[in-house]
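Work through the exercises below with the sequence and the coordinates open. Each task is followed by a stepwise solution.

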Amino acid sequence: MIKICMAAAGLIGLLALSWAADKPPASDPKIERGKYLIDKVALCGDCHTPHDEQGEPITGKKLQGAALAFEPTVPVPIWAALAPGIAGLPRWSDADAVALLSTGESTKGIRVRPPMPAYRLTRQDAEAVVSYLRSLPAGADSKKASH
Ligand code: HEC
């Protein structure tokens, strides 16, 4: 009887172990907040994700950079026609990206050209956005300089 109980306990232990291994890693609330802000509020992917002919974002290329599908109706001399890859944030330090998204310019005073909006996120939200960008794989072409 004792043996059977021990075997049963061992089996339950094994089941518990394999269940724990199958569980996805607990999601980081900061990264989840950043994903929400990017996907549902600021819609960064409208410019930074390439779209197919039907206007659907291309799977696997999220925020990996895109040529803009629209132009200004009046001449804008400093218009940037390319939204560079921001997945993984390969060219920006956390401090510069947080400053850009919360003040409109990096710590070195760099401003990005229109139509990139000069966001004024709270510092906390800017940090969440940066955490989510860092969690994404950088695209193959996102190492190229944007300007
Ligand atoms: C309306 C289009 C548009 C939207 C929406 C947009 N961007 Fe941009 N973004 C651009 C363009 C265009 C550039 C390039 C500007 C330049 O070359 O000066 C850019 C540049 C950047 C850069 C600098 C990248 C680099 O490597 O130089 C970062 C970082 C960035 N955007 C982050 C974001 C984030 C985060 C969001 C959402 C919170 C966002 N952008 C939303 C158009 C957009």
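**Exercise 1.** In which loop does L63 lie?

*Solution.* L63 sits in the loop between α3 and β1 (66-67). Helices (H or I, at least four residues) and strands (E, at least two) are DSSP runs, numbered from the N terminus. The model is predicted: local features need pLDDT of at least 70, side-chain atom pairs count only at pLDDT 80 or more, and totals for chains, interfaces and linings use all residues. Residue numbers start from 1 along each chain as its sequence is written.

**Exercise 2.** Describe how α2 and α5 cross, and list the residues in contact.

*Solution.* First, the axes: they come within 7 Å and cross at roughly 95°. Axes are lines fitted to C-alpha atoms, for helices over the stretch in contact, and angles run from 0 to 180 degrees between N-to-C directions. The two helices are therefore roughly perpendicular (65 to 115 degrees).

Second, the contact (C-beta atoms, placed from the backbone, within 7 Å). α2 supplies K30, I31, R33, G34, K35, L37 and I38, and α5 supplies D125, A128, V129, S131, Y132 and S135.

**Exercise 3.** Which residues of α2 are buried, and where do they point?

*Solution.* The buried ones are G34, L37 and I38. Seen down the axis of α2, they fall within an arc of 90°, so they line one face of the helix. The arc is that of the directions from the helix axis to the C-beta atoms. These buried residues pack against α5. On the face turned away from the buried side are the exposed residues P29 and K40.

**Exercise 4.** Locate the cis peptide bond.

*Solution.* Check omega: the bond joining P114 and P115 is cis, with omega about 10°. Then place P115: it falls in the loop between α4 (94-103) and α5 (123-135).

Definitions and conventions
Angles under 35 degrees count as roughly parallel, over 145 as roughly antiparallel, 65 to 115 as roughly perpendicular and the rest as oblique. Two residues are in contact if their C-beta atoms, placed from the backbone, lie within 7 Å. A residue is buried if 20 or more other C-beta atoms lie within 10 Å of its own, exposed if 12 or fewer, and partly exposed in between; C-beta atoms are placed from the backbone.
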